Amino acid sequence: MKRLLSILTVLTCLAFSAKAEEPAKSPAVKFLEANDGVKGAKCMKIDGMMLKMAGPTLKKTPVAAIIDDLESLYMFSFKDNRESEEKAFQSEAMKVLSKYIKAGEINDDISRMYIFLNQQEGDVFHEMVLLNIWPTTSMMVFHGNFTEESLRRMEEISKKQRAEGTGILSGMYRNGELPE
């Protein structure tokens, strides 16, 4: 009986210490969480079972290239057309993301988006940030183990979907206006 209690005590301590040792949050995640209370905006973390449930939808996007290496995803978006709040968010996001490597920029009739990566460890990136500033403002932070090859594949899928007009964002324009 004492042995069983000892084992349970050790397991309980390990469980609590594992929760206490949550990895430090990145600047991008801290920024999103700090803005979660902005009127008309919502931040959501997707991981575990929720990530598995979102898999079929994500596989229809360029994220399909990294889905097997994806551990978690933070999504932040404005629900309403709140241009003044969106502009302030965009400005602050660019300041926070200046600490990251700017890996790309998309500026076409579907969207305006910036892609940032954290510092590379060997041939792996552990964080990727997509900041969409048009037609609406949104930001996604991906955590996992992404290789340059998987990121190139993601870019290829994106280019193909944009050329075909088949991506999830196709046909979405703010107030029906095309970008300048």
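Trainee: Is the crossing of helix 2 and helix 4 right-handed or left-handed, and how should I describe such a pair?

Mentor: In general, two packed helices are described by the angle between their axes and the distance between the axes. In this predicted model, the axes of helix 2 (residues 27-34) and helix 4 (residues 83-97) come within 9 Å and cross at roughly 160 degrees, and their crossing is right-handed. Angles over 145 degrees count as roughly antiparallel, and helix 2 and helix 4 are therefore roughly antiparallel to each other.

Trainee: Which residues in helix 2 and helix 4 meet?

Mentor: From helix 2 the residues are Pro27, Ala28, Phe31 and Leu32, and they meet Phe89, Glu92, Ala93, Val96 and Leu97 of helix 4.

Trainee: Turning to helix 3, which of its residues are buried, and why do they line one face of the helix?

Mentor: An α-helix has 3.6 residues a turn, so residues three or four places apart point the same way. In helix 3 (residues 48-58), the buried residues are Leu51, Gly55 and Leu58; seen down the axis of helix 3, they fall within an arc of 85 degrees, so they line one face. The face turned away from that buried side carries Met49, Met53 and Pro56, which are exposed.

Trainee: What do the buried residues of helix 3 pack against?

Mentor: Their partners are strand 1 (41-47) and strand 2 (70-78).

Trainee: How many helices and strands does the protein have, and what share of its residues count as buried?

Mentor: The protein has five helices and six strands, arranged along the sequence as α-α-β-α-β-α-β-β-β-β-α, and 39% of its 180 residues count as buried.

Terms used
Residues numbered from 1 in each chain as written. Predicted model: local features only at pLDDT ≥ 70, side-chain atom pairs only at ≥ 80, totals over all residues. Heavy atoms only, no water. Helix = DSSP H or I, 4+ residues; strand = E, 2+ residues; numbered from the N terminus. Buried < 20%, exposed > 50% of the residue type's maximum accessible area, 1.4 Å probe, protein only. Arc of directions from axis to C-beta. Contact = heavy atoms within 4.5 Å. Axes fitted to C-alpha atoms, helices over the stretch in contact; angles between N-to-C directions. Parallel < 35°, antiparallel > 145°, perpendicular 65-115°, else oblique. Left-handed = near helix turned anticlockwise from the far one by under 90°.
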